[in-house]
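Dear colleague,

Please find the structure below, and read through the notes that come after it when you have a moment.

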Amino acid sequence: MIPTPDLSHLTRHDLEQVYDPAEDTFLLLDALEQDAEALRKERPLICLEVGSGSGCVSAFLGKVLGQSSCREFVFIVLRAGLISNLIVYLCTDINKHATCCTLATGKQNKIPLDPVICSLARPLLPRLHHAVDVLLFNPPYVPTDTDEASSAQGIAGIAGSWAGGADGMEIINRLLQDVECLLSPQGRFYLVALKQNNVPSIRSRMLQDFGLTSQVVIERRAGRELLLIIRFARTTPS
Ligand SMILES: C[S@@+](CC[C@H](N)C(=O)[O-])C[C@H]1O[C@@H](n2cnc3c(N)ncnc32)[C@H](O)[C@@H]1O
């Protein structure tokens with residue numbers, strides 16, 4: 001069993017501003033643990049977590065896969081195609097406190113996480129074109145008014161952790177548009193969703209629009225919510 005990352009460095013003040021790992025986080029960890037052997041076999045080089053919050057999920061992925069020793073060096077050699085066994089863990093979040101927590105969680109767990117303050121993966125898209133081997137997103141998926149979701153995105157505070165707009169899909173839909181561009185030929189994308197997000201519709205759209213096949217790899221009831229993890233991959237390598 002792979003241990004949950006050490007989060008003892010996070011203070012109450014941190015967790016008032018940043019999403020405190022909960023059932024959805026732990027379901028994603030379970031899906032990664034379930035796929036650990038297959039993930040290691042794929043020898044991923046670039047991992048990207050969108051909306052990393054505390055950094056718990058990326059630190060866990062680091063424990064599953066291992067870590068790189070010097071990030072600058074890794075980027076240079078990756079670009080030059082010289083070495084193929086060092087891993088980069090990129091993390092994005094709109095919430096600047098979350099990126100600080102992600103960095104601290106990486107240090108606490110000796111996994112070199114690289115957080116970037118930005119929305120989704122937008123500024124990274126040109127450089128990560130068909131390069132991401134493991135993409136993760138535990139999104140703000142709770143159905144809310146569109147106004148509430150827009151305001152939460154603008155303020156970039158704790159409400160951005162859950163306010164998902166109509167059907168809880170407004171932020172998810174934005175990332176779905178970019179997934180095919182990001183994934184490497186053997187890349188996998190793990191998405192946390194609620195049953196109310198209309199999972200069959202997400203899956204059929206991703207297949208029709210982008211040729212990405214998917215499976216619900218794990219599901220669990222948490223109070224009134226039915227949470228699922230959907231894993232996407234290409235039908236055939238691009
Ligand atoms: C449900 S929390 C998940 C946090 C963490 N990954 C976990 O599993 O515990 C959603 C995270 O997404 C971030 N987020 C919301 N909208 C975002 C956007 N447009 N781009 C990047 N991150 C976003 C939130 O700030 C929050 O940290």
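What follows concerns the ligand and its surroundings, and then a pair of rings.

This is a predicted model, in which local features need pLDDT of at least 70 and side-chain atom pairs count only at pLDDT 80 or more, while totals for chains, interfaces and linings use all residues. Residues are numbered from 1 along each chain as its sequence is written, and side-chain values use heavy atoms, with hydrogens and water left out.

The ligand is surrounded by 20 residues, the closest being Thr-25, Gly-51, Asp-93, Leu-120 and Gln-153, where a residue counts as near if one of its heavy atoms lies within 4 Å. Among the polar contacts (pairs of N or O atoms within 3.5 Å), a ligand nitrogen lies 2.7 Å from a polar backbone atom of Leu-120, and a ligand nitrogen is 2.8 Å from a side-chain N or O atom of Gln-153. Taken alone the ligand exposes 590 Å², of which the protein buries 100%, as computed by the Shrake-Rupley method with a 1.4 Å probe.

One aromatic pair was counted, with rings pairing if their centres lie within 6.5 Å, and planes under 30 degrees apart counting as stacked, over 60 as edge-to-face and the rest as tilted. Phe-189 and Phe-232 have ring centres 5.4 Å apart and planes at 20 degrees, so the pair is stacked. The pair links distant parts of the chain, 43 residues apart.

Best wishes

Definitions and conventions
Polar contact = N/O pair within 3.5 Å; in protein donor to acceptor, adjacent residues only side chain to side chain. Phe/Tyr/Trp six-rings, centres within 6.5 Å; stacked < 30°, edge-to-face > 60°. Helix = DSSP H or I, 4+ residues; strand = E, 2+ residues; numbered from the N terminus.
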